[in-house]
Amino acid sequence: MAKEMDKRIIGDFVENGVDFVTSVPCKQLAGVIEVLDRTPAIKHVPSNKEDEGMGLCAGAYMGGMRPAIFMQNTALGVVVNTLATLIQFYQIPLPMLISYRGEVGEPVACQVEMALHTKAILNQLHIPTYHFHRPEDADELPGILNHTRMCSKPVAILTDASFWRDAT
Amino acid sequence: MIRHDLLKTLIPVISDQLVVCNIGAPSQELHSLDDQPTNFYMLGTMGLASSIGFGLALAQDKPVISIDGDGSVLTNLATLSTIANNPRDNFILLIVDNGSYGSTGDQPTYAGRRTSLAAVARACGCETVIEVAAEDTPQALADALAAKRMTVIVSKCDSGNVQVPVITMNPITIRERFMAAVAE
């Protein structure tokens with residue numbers, strides 16, 4: 001069941017002009033994806049893997065749309081090359097709404113392993129990174145989306161378990 | 001017929017079409033044969049020519065031809081299911097299937113052995129899939145464009161490369177002139 005926060009996040013993407021989203025699901029993003037699927041202003045094309053999704057986003061951008069990708073942080077393990085040689089090399093603005101699994105509140109121990117590498121990978125790639133830990137952190141989302149377009153870079157928005165637990 | 005000669009015979013058909021071309025030798029060969037603003041050259045990111053072209057076809061109405069290779073399609077096989085389940089009649093995926101990783105020394109791919117990419121595409125749900133000899137590919141591509149129907153063409157050709165220069169064009173220049181051609 002989608003929360004107000006899910007609606008607010010999708011509303012911010014729509015308000016910013018994002019009209020193409022690809023996703024690979026995560027339990028924490030289930031509500032956001034539910035809202036996405038009933039938002040006619042955004043074309044949602046699920047992908048099988050996040051590098052494929054970034055390819056779709058690059059093509060959609062060149063076709064005049066404004067893309068975004070919704071994914072889990074574990075996927076950073078598979079998209080490093082795509083981020084460097086496609087999204088960054090060709091300067092494609094790409095907001096990445098990322099479920100930050102493996103932080104406090106995480107029930108699955110294995111998720112902690114990629115949580116340990118998440119910010120290190122993003123730092124190594126020089127990707128602007130914003131971490132939503134409290135619900136009020138989402139106030140920054142419109143600014144972050146503007147910032148992404150302004151600088152034509154991939155930008156990471158990490159949303160952790162505490163954020164989703166406290167969000168209403 | 002090797003890929004370079006196949007691309008040469010395709011030029012009259014693709015020269016004024018939007019083309020997303022695979023990394024390495026295919027892009028270098030196309031660039032040396034017929035550089036056009038309507039060509040998007042991939043300078044990296046093996047496997048995504050199909051996905052980039054498909055994203056472009058989803059976003060606008062002009063025909064888009066992705067020129068991919070058998071080795072590259074094998075690295076991103078699942079995208080055939082994304083393409084099949086979101087069909088767009090302005091999209092043509094041309095898989096140049098020479099049964100080898102041409103840019104890295106012609107090592108054999110599994111598509112040159114027991115795996116049929118045409119059968120995989122059909123199993124993924126792509127409705128119009130044709131497998132043709134290299135010599136018949138220009139006509140098959142022209143027919144697919146005229147039919148205005150999403151088509152996957154698997155073009156069987158011989159393994160081998162010709163020596164052409166690497167592309168030194170700036171990636172932003174490639175993208176910006178391509179986007180201008182898309183918007184024209």
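Student: Is Lys148(B) buried or exposed?

Tutor: Start with the rule. A residue is buried if 20 or more other C-beta atoms lie within 10 Å of its own, exposed if 12 or fewer, and partly exposed in between, with C-beta atoms placed from the backbone. Lys148(B) counts as exposed, because it has 10 C-beta neighbours inside 10 Å.

Student: What kind of model is this, and how are residues and chains labelled?

Tutor: This is a predicted model: local features need pLDDT of at least 70, side-chain atom pairs count only at pLDDT 80 or more, and totals for chains, interfaces and linings use all residues. Residues are numbered from 1 along each chain as its sequence is written, while chains are lettered from A and ligands numbered from 1 in the order in which they are written.

Student: Where is Lys148(B) found?

Tutor: First, the elements. Helices (H or I, at least four residues) and strands (E, at least two) are DSSP runs, numbered from the N terminus. Lys148(B) is in the loop between helix 7 (137-147) and strand 8 (151-156) of chain B.

Student: What is the phi of Lys148(B)?

Tutor: Most residues other than glycine have a negative phi. Lys148(B) is not a glycine, yet its phi is positive, about 50 degrees. Asp106(B), also not a glycine, has a positive phi of about 60 degrees. Asp106(B) lies in the loop between strand 5 (100-101) and strand 6 (107-108) of chain B. It counts as partly exposed, because it has 15 C-beta neighbours inside 10 Å.

Student: How many helices and strands does chain B have?

Tutor: Chain B has eight helices and eight strands. Buried residues make up 48% of chain B.

Student: Is Gly69(B) buried or exposed?

Tutor: Gly69(B) is buried, because 28 other C-beta atoms lie within 10 Å. It belongs to strand 3 (residues 64-69) of chain B.

Student: Which residues does Gly69(B) contact, leaving aside neighbours within four places in sequence?

Tutor: Two residues are in contact if their C-beta atoms, placed from the backbone, lie within 7 Å. With those neighbours left aside, Gly69(B) is in contact with Asn22(B), Pro26(B), Ile95(B), Val96(B) and Gly102(B).

Student: How many residues does each chain give to the contact between them?

Tutor: Chain B gives 27 residues and chain A gives 25 residues. On the side of chain B, helix 3 (49-59), helix 5 (79-85) and helix 8 (171-183) each give two or more residues. Helix 3 of chain B gives the largest share, eight residues.

Student: What pattern does chain A follow along the sequence?

Tutor: Chain A reads α-β-α-β-α-β-α-β-α-β-α-β-α. That is seven helices and six strands. Of its 168 residues, 48% count as buried.

Student: What is the strand order in the sheet of chain A?

Tutor: Strands of a sheet pair through backbone hydrogen bonds, either parallel or antiparallel. Here two strands pair if DSSP finds at least two bridges between them. The open sheet of six strands in chain A has the order 2-1-3-4-6-5, with parallel pairing. Strand 2 and strand 5 of chain A are the edge strands, each pairing on one side only.

Student: How many bridges join strand 5 and strand 6 of chain A?

Tutor: Strand 5 (residues 129-132) and strand 6 (residues 154-160) of chain A pair in parallel over four bridges. His131(A) has Leu158(A) as its bridge partner. Phe132(A) stands opposite Thr159(A).

Student: Which residues of helix 2 of chain A are buried?

Tutor: In helix 2 (residues 30-37) of chain A, the buried residues are Gly31(A), Val32(A), Val35(A) and Leu36(A). They pack against helix 1 (4-16), strand 1 (20-23), strand 2 (43-44) and strand 3 (67-72) of chain A.
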